[in-house]
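Q: Could you take me on a close look at one helix pair in this model, and then show me what surrounds that pair? I would enjoy a connected walk-through.

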Amino acid sequence: MGRNVGGHREERASHRRHVAVTKTALAGLRVIELCEMIAGPYCGKVLADLGAEVVKVEEPGRGDPARGTGPFPEDIPHRERSGLFLYLNTNKLGVTLDVATSSGRRLLRELLREADVLVEDLPPGRSEALGLGPEALREAHPELIVTSITPFGVSGPYRDWRTYHLNLYHGSGHSSFIYQDPREVVGGPLVGGGYIGEYDAGLAAALATLGAVLGRLRTGRGQQVEVSKLEALVALERVEVNRFANDPTPVRFPGMVGGLVRSRDGYVVITAAQDQQWKGLVQVMGNPPWSQEEMCRDEISRAQHRDEIQPYIEEWVARYASDEIYRCAQEGSVPVGPVRTVAEVTAWEQARQRGFFAEIEHPEAGRLEYPTAAYRFSKTPWRAERAAPLLGQHNDEVYCGWLGHSRRDLARLSAAGVI
Amino acid sequence: MKEGPLAGIRVLDFTWAWAGPQGTLLLALLGAEVIKVESRRRLDHTRVRSLMAGPVLVSPDHSVIFSELNVGKLSVTLDLKQPRAVEIARRLAGVCDVVTENMRPGTLDRLGLGYEAMRAVKPDIVMVSSSAVGGTGPERTYVGYAPTFAALGGLSSITGFPDGPPSPLSGAVDLRVGTTCALAVLAAVYHHRRTGEGQWVDISSTEAVSALIGGAFMEYAVNGRVPTGDGNRHPTMAPHNCYPCLSGRQARWPEEGGPLWGEDGRRSVSIAVGSDEEWGALCGVLGKAGLEHDPRFADVVSRWRHREELDHIISEWTREHTAQEAAEALQRAGVAAMPVLDGAGLAQDAHLRERGVLETVDHPIIGSRLALGPPWRLSDTPAAIRRPSPCLGEHNSYVLGELLGMADEEIEKLAREGVVT
């Protein structure tokens, strides 16, 4: 069996690290990330936050374009202060390397020899041109897992299409499956906020990558993991997509009894379709006479009489603040949630007590509060070991410490624009 | 078929509804053996009915929604209200690597199947629990579904048109939670494989949503600004919107002889321009005299300021084309554009068809249906649909007989007594 199968890197990693080391789930897993903007970096972040040693490779001088995308403090652009970049690159090491130069590619190959995983988001065809195509990598690094993230995958008629989040989100069907009262839909198809589809693709890539890492523990071999962002998004509408694939007749979704409803000070969503939830809701509303009528008998009849029932619910909800509705409904076991802004989520006692937010100090951006992750591992906690790297911050640690280059080599590479 | 990367990993699955089953579906696609524990007395409601599927289903084995979310799994039936069934479930945990569940926090503990009980049977078990807002904290007993996760997590508030209502989004929110759960399982299994140590992982569905919009939270953290829905617009790019198109008709797929669908699901096209180069390319396609040199649209900033006029000009052109034609013409010129697809449009889409994302799955009761395959392609240990979704209790004899070594008569007796049901 080859060297480092399954990662014997833990020992080495703990030797190298001078900071206090939390026990982490992915300790010792080494990942090289050659990605930009959101999807690929989010994949790297998910792994880094769980303890993988992720080296982010950026173009010298320019860096990941996410550095140029705000939000910036006081709206003053600064490549070390982009909120988006800071969030997406926590816990990573950062090096610079120009893959367009042959010296840069040499250095990258040296890095790959030290790595368990490469995550890359080069356009299809570009990786082959750089000598980083599947065959070349397979030959040189048979144990390496190579995760390639592209908008459409490496084949098919749209392979080389240019896209932004807007295009992929709307191209994936998501904007057509919204749970909404048709009377309230104005303005046509609507993109999901916060570039969520890019994160979705990154999460899908992280999952498949970890799958391959586990596979390697058994087989001792690396492999190619191909992730199409479009397909990652389509997969999240599995139920709807499969339904249409088998029966193209559009269903007229009558809308949910409840659903999105305006309260005194905002909106709440109520999901009370099933009998038990409905009974809870009726009780919370004080068993009004209309709720005893035939139309409210069961889930089917309520759906059929949705337009008659809904105004009663709306009238009741409008009398209260969202939080009042939330408390009293949830105390009666009725699934209700207020629509909250990110500021309200940040102040939410439940999330705060669970430690969902972490303060992280960054040399340029200062101390900021970051969302962490949805999971609490009892033995290997999410960590905020370091903030996002400054551009090229770890060139020395990685090129000299890992690869054994001298500082004078680094100066030469830097002078030539390679790093 | 070649084994998946998770071959040899066995999961005891107490999840139901959408989010949890999506998580274990992903594990099954990656080759894990997933044993779903269910009961005729407390059916996964996706086996019973759905507003999308219409009225009450003929039987629990006829539900296509259940089928979509449970492809590749095994089913064992145990009535967990009965102590003997609980005892069997514990023994099953003893032969599994992972336990997953998404019941209301506290429920499995009351049944005697919580983490401590599982650990007593198998000290190194990995257990992953997901719930609406997490298994700790003052609101831990609160309940929820996809729309409440989107609302509480902040996603609804940043999805909407200006002055319009927030969006409740869709069932995809549940599947995002499921993906997060699957990831947590794999990270915990990796740790276990390396160190021999099991653990409990507690997941908040609402936090799973918030983590996927981290940039929006940073907007608030950095500048104290509260982001809100801005339709399809972008803070710096213009044009950046969806534009109405001619509605086209799609020809019948000759090789399948399927029904001739009316509207082809391509009623608008999304167009986004991020650079001067892309703007020049767009002008070339629109072919409108003087547009490229119009001072209102001369640079990134002026285009953004005049984005409404731009939208008007672009939609004059898109209205003359089907969305597919428009997208293809724009892409040929180097402009980011795609048809806005709905369910029918996706099922017909040439790219997805050529990529083979839909495959035929034969189910003994439902029959032959198209289903989405794995969302990733692994070259050596492929992810794949290895079997259809299970009928209720279909694998009782394998799970109880082969895995636990019970004799057939014993299983039959337990079935008669309503323990295995």
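Predicted model: local features only at pLDDT ≥ 70, side-chain atom pairs only at ≥ 80, totals over all residues.

**A helix pair in chain B and its surroundings**

A: Let's start with helix α1 (residues 19-29) of chain B and α7(B): their axes come within 7 Å and cross at roughly 50 degrees. Two packed helices are described by the angle between their axes and the distance between the axes. Angles of 35 to 65 degrees fall between roughly parallel and roughly perpendicular, and α1(B) and α7(B) are therefore oblique to each other. The crossing of α1(B) and α7(B) is right-handed.

Which residues meet here? On the α1(B) side they are Ala19(B), Gly20(B), Pro21(B), Gln22(B), Gly23(B), Leu26(B) and Leu27(B). Facing them from α7(B) are Asp174(B), Leu175(B), Val177(B), Gly178(B), Thr179(B), Cys181(B), Ala182(B) and Val185(B). By class, this contact of α1(B) with α7(B) has 9 nonpolar, 5 polar and 1 charged residues.

The contact between the chains takes 125 residues from chain A and 126 residues from chain B. On the side of chain B that touches chain A, helix α7 (residues 172-195) of chain B gives the most, with 15 residues. That side of chain B divides into 72 nonpolar, 39 polar and 15 charged residues.

Strands also link the two chains. Strand β6 (residues 224-228) of chain A and strand β12 (residues 376-378) of chain B run antiparallel and are joined by 3 bridges. For Val225(A), the bridge partner in β12(B) is Leu378(B).

Stepping back to chain B as a whole, its domain 1 covers 10-212 + 357-416, and its domain 2 covers 240-354. The C-alpha centres of these two domains of chain B lie 39 Å apart.

Finally, a visit to chain A. Here 3 strands form an open sheet in the order β7-β8-β9, with antiparallel pairing. β7 (258-262) and β9 (336-338) of chain A stand at the edges with a single partner strand each, so one side of each is left without a neighbour in the sheet. On average, neighbouring strands of this sheet are turned by 15 degrees against each other, direction ignored. Strand β8 (residues 267-271) of chain A pairs with β9(A) over 3 bridges in the antiparallel sense, and Val268(A) has Pro338(A) as its bridge partner in β9(A). Helix α13 (residues 306-318) of chain A lies across β7 and β8 of chain A, and runs at about 45 degrees to β7(A).

Note on methods:
Residues numbered from 1 in each chain as written. Chains lettered and ligands numbered in written order. Contact = placed C-beta atoms within 7 Å. Helix = DSSP H or I, 4+ residues; strand = E, 2+ residues; numbered from the N terminus. Nonpolar A, V, L, I, M, F, W, Y, C, P; charged D, E, K, R; others polar. Pairing = 2+ DSSP bridges. Domains from an automatic or database assignment. Axes fitted to C-alpha atoms, helices over the stretch in contact; angles between N-to-C directions. Parallel < 35°, antiparallel > 145°, perpendicular 65-115°, else oblique. Left-handed = near helix turned anticlockwise from the far one by under 90°.
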